[in-house]
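Here are my notes on this model, written for someone new to reading structures. Please keep the 3D view open as you go through the points.

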Amino acid sequence: MMDGGRGADGERTEDGGRRTEDESPALAVRPRRLRRTAALRGMVRETRLSVSSLVYPMFVGETGDSCEIASLPGQWRWRLDDLERGAARAVEMGVPAVLLFGIPSERDAVGSSAYARNGIVPRAIRALRRSYPDLIIMADVCLCEYTSHGHCGLLTDRQEVDNDPTLPLLARASVAYADAGADVVAPSDMMDGRVRAIRSGLDAEGFHEIPILSYAAKYSSAFYGPFREAAQSAPQFGDRRGYQMDPANRREALREVRLDLLEGADMVMVKPALAYLDIIREVRDLVDVPVAAYNVSGEYAMVKAAAMQGWLDERATVMEILTAIVRAGADIILSYHAPEAAAWIRDGA
Ligand code: PBG
């Protein structure tokens, strides 16, 4: 029968159809019961954002005035004497940590200003420390902002990035930052063996207690575009695919993470975050150290651009993104939205 065993009048029919006036059996399982009110939803929420897991990346320039970064609306390249002001909102909102990127006045082939004792990052660390004794100050360790060619390491005569001679320079930079008062060093260069080199460099200078947050699974990503404009660190030729990871690879990320842990990394990072949530989850399941995820410049810029057009609700979008990153398994999130996100979290968004 076309109507499934029911007579045209709704009466039970001989082949077992039901009367329409019968009570349908109660649905035993109704997930919607726990979504009825905001309080209920709050009680059963599986993932909670916490201000204490946020890190705010900041740019500090050696020369020039403080200015807003065109490709990262709302983010600034700070002059040294404005840096304290730049960090004020994050600190006020309870963001516990900043990550510093230096933009030097001089660049050369060997990235000298990356490891100069009185370079822009050591000076920035000292300035911030004076104002904010309890702030966790992380320093990004890489050569790309400091080399004239814009690559993350030294070059061979054949213009290829030369891994091993780069390692002592990364260690020197780390020591300079630790000496200035950094709480954490975060190597982002993707040279092989750099965690070990940095660990022994730090230990040799007595900085046993300074942890390394390694950008362990750092992909060669188009999402770094706005950062490179901000840091003026785009490679002058070629690209970073010879040292950063291929976005197509998952197993390789786990290998990178394992290696960095063997070399002495205290925390590991996955970067970028949004297109790599699966990698965050896999890394979280693999290791027992804290896992960080970097919600990078391009991810910020996309949200900003759409919000500025009125196409997305910035607050709701950011909270959803951060929740997804935590749900994927990140303990720590680096985000340019950190100060606003902290305010929204405290607000109970
Ligand atoms: C330096 C570095 C980069 C980022 C963090 N550290 C750029 C790159 O690798 O090209 C990207 C951060 C961002 O996009 O927000 N090597």
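1. Start at R240. An N or O atom in the side chain of R240 is 2.9 Å from an oxygen atom of the ligand. Keep in mind that this is a predicted model.

2. Two other residues deserve a look here. S297 has a polar side-chain atom 2.7 Å from an oxygen atom of the ligand. For Y336, a polar side-chain atom lies 2.6 Å from a ligand oxygen atom. How much of the ligand does the protein bury? Taken alone, the ligand exposes 400 Å², and the protein buries 100% of that.

3. Now find the site itself. The ligand sits in the largest cavity. Around the ligand are 18 residues. The closest are K218, R228, K271, S297 and Y336.

4. What kinds of residue make up the shell around the ligand? The shell divides into 10 nonpolar, three polar and five charged residues.

5. Next, turn to S50. This residue lies in a loop, between α1 (38-44) and β1 (54-61). Why does S50 count as partly exposed? Its relative accessibility is 33%, and partly exposed covers the range between under 20% (buried) and over 50% (exposed).

6. Check the surroundings of S50 too. The side chains of S50 and S52 make a polar contact, at 2.6 Å. S50 and I332 are 282 residues apart in sequence. In space, their C-alpha atoms are 9.4 Å apart.

Terms used. Residues are numbered from 1 along each chain as its sequence is written. This is a predicted model: local features need pLDDT of at least 70, side-chain atom pairs count only at pLDDT 80 or more; totals for chains, interfaces and linings use all residues. Side-chain values use heavy atoms; hydrogens and water are left out. A residue is near a molecule or strand if one of its heavy atoms lies within 4 Å of it. A polar contact is a pair of N or O atoms within 3.5 Å; within protein, one must be able to donate a hydrogen and the other to accept it, and residues adjacent in sequence count only if both atoms are side-chain atoms. Accessible areas come from the Shrake-Rupley method with a 1.4 Å probe; for residues, only the protein chains shown count as cover. On a 1 Å grid over the protein atoms alone, a cavity is a set of points where a 1.4 Å probe fits but cannot get out, and a pocket is an open set with protein on both sides within 12 Å along at least five of seven lines; lining residues have an atom within 4 Å of a point. A molecule sits in a cavity or pocket if more than half of its atoms lie within 2 Å of its grid points. Ala, Val, Leu, Ile, Met, Phe, Trp, Tyr, Cys and Pro count as nonpolar, Asp, Glu, Lys and Arg as charged, and the others, Gly among them, as polar. Helices (H or I, at least four residues) and strands (E, at least two) are DSSP runs, numbered from the N terminus. Buried means under 20% relative accessible area, exposed over 50%, partly exposed in between (1.4 Å probe, protein chains only).
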